[in-house]
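Subject: Structure for your review

Hello,

Here is the structure we discussed.

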Amino acid sequence: MILKEDVDIIIKRIVSDINPYKNTFMALNLDGDISNLYVIAIGKAAWTMAKAASDKFGNKITRGIVITKYHHSKGDIDNFDIYEAGHPIVDENSLIATNKVLELTNNLDRNDRVIFLVSGGGSALFEKPFISLQELQEINNQLLKSGATINEINKIRKRLSMVKGGKFAKHCLPASVDAYILSDVIGDDISSIASGPTANDSTTIDEIKEIINKYNIKIDEKYLKYLYTESINDVDNVTNCFVGSLKQLCDSTKNVCEELGYETIVVEDYYTGDGDLLAKGLGEYAIKKQEVDHCLAYIIGGEAIINVVGNGLGGRNQEIALRAALYLKECKDTCVFCFGSDGTDGPTDAAGAYSDEHTYDEIKGIEDYLNNNDAYNAFKTNDGLIMTGPTGTNVNDIYVLLIKR
């Protein structure tokens, strides 16, 4: 249980370290003559970032809107309308809330200013599609289950949307937009975070065709005209500022592991590869390092890809932790924990999961659970789920191997 206690300490510390309130508050800045100040916050960290703006600017804010995931609001914010909507699949409330934003920011003039607070999850939460909601949901479902990377998924999403791919910035003209961004995208590509509502889009039509063919995405021919339209690349009314990223998550994890006495190695902070291979790599490394005579922590940050073939319940972090259990049964005082910084992993209420050398024996039929992508129900049988609730931030995932000596 000592290992589990260390995991609890690490998670509590990094959740505190990566909370975006402080960084957003410090970064927010206003200059020049402003007639009206509008604050729009989208994403899983939208409420926390909006609260920072409210505390910083108070009654200088003309009006604000928050769009966040269900159960991610923490209460009222003065002069803000707060909406909760679907994630990872767009729903009717996403469209309703987005329309409210477009109404609020319609017909702005040059002396108006929009503060746009962006965090992961914004792609599903901030949306006004060219196509029907039902068709958009079906395409999103296909993409999420296809094994496509988040960058590839967002390239498709941008073409089907009236607000993504720089279109929201265009909508706000001639007003200026100050975008404060909490990055959940590997490499901090502004055009991919929340599908880049205020960013230029360099995606080509050939890239769109390649993604559709690569993952065999079925799209009605009548909607192809939106996908095969040239992207926006002349956005010039936006200033961008990052207020958090995956590197911050990895650095925080490293610091607390070292404080707990682990020799700590950040192997990679931009992993976007196969989740099964990641679990295999963590497991094999654990076996290889069993003879060490000191505590060791091995950290990988990123967003692994799981190819979903079953009908079970889970998320990529739970899946990786469960697969790692196949290897950890040969180890001693060793664990793997996988944690989503937003506090939710896939369509579940868990943030991730924890495996150690006992997990394989505790969960009967692990292989069957894996074949059905049912890691959530597997870990419910041994209390291996990591439950934090919404954390108020979103900067990707962390995968950690701990060896205690």
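Below are notes on the cysteines and then on the salt bridges.

The model is predicted, and every value here was computed from it.

Cysteines

Searching the whole structure turned up zero disulfides. Cysteine 250 takes part in none, as the nearest cysteine sulfur, which belongs to cysteine 257, is 11 Å away. The side chain is not out in the open either: cysteine 250 is buried, at a relative accessible area of 2%. For cysteine 338, the closest cysteine sulfur is that of cysteine 335, and the 9.7 Å between the two sulfurs is too far for a bond. A disulfide would need the two sulfur atoms within 2.5 Å. Cysteine 338 is also buried, with a relative accessible area of 0%.

Salt bridges

The search of the whole structure gives 21 salt bridges.

Arginine 113 pairs with aspartate 31, with 3.7 Å between the closest N and O atoms. Arginine 113 counts as buried at 10% relative accessibility, whereas aspartate 31 is partly exposed at 49%.

Aspartate 276 forms a salt bridge with arginine 323, and here the closest N and O atoms are 3.0 Å apart. This pair also links distant parts of the chain, since aspartate 276 belongs to helix 12 (residues 275-288) and arginine 323 to helix 13 (residues 316-328), 47 residues apart. Aspartate 276 is partly exposed, its relative accessible area being 33%. Arginine 323 has a relative accessible area of 19% and is buried; the cut-off for buried is under 20%.

The third pair is local. Glutamate 284 and lysine 280 form a salt bridge in which the closest N and O atoms are 2.8 Å apart. Both residues are in helix 12, and because they are four residues apart, about one helical turn separates them. Glutamate 284 is partly exposed at 39% relative accessibility, and lysine 280 is partly exposed with a relative accessible area of 34%.

Regards

Notes: Residues numbered from 1 in each chain as written. Predicted model: local features only at pLDDT ≥ 70, side-chain atom pairs only at ≥ 80, totals over all residues. Heavy atoms only, no water. Buried < 20%, exposed > 50% of the residue type's maximum accessible area, 1.4 Å probe, protein only. Salt bridge = Lys/Arg side-chain N within 4 Å of Asp/Glu carboxyl O. Helix = DSSP H or I, 4+ residues; strand = E, 2+ residues; numbered from the N terminus.
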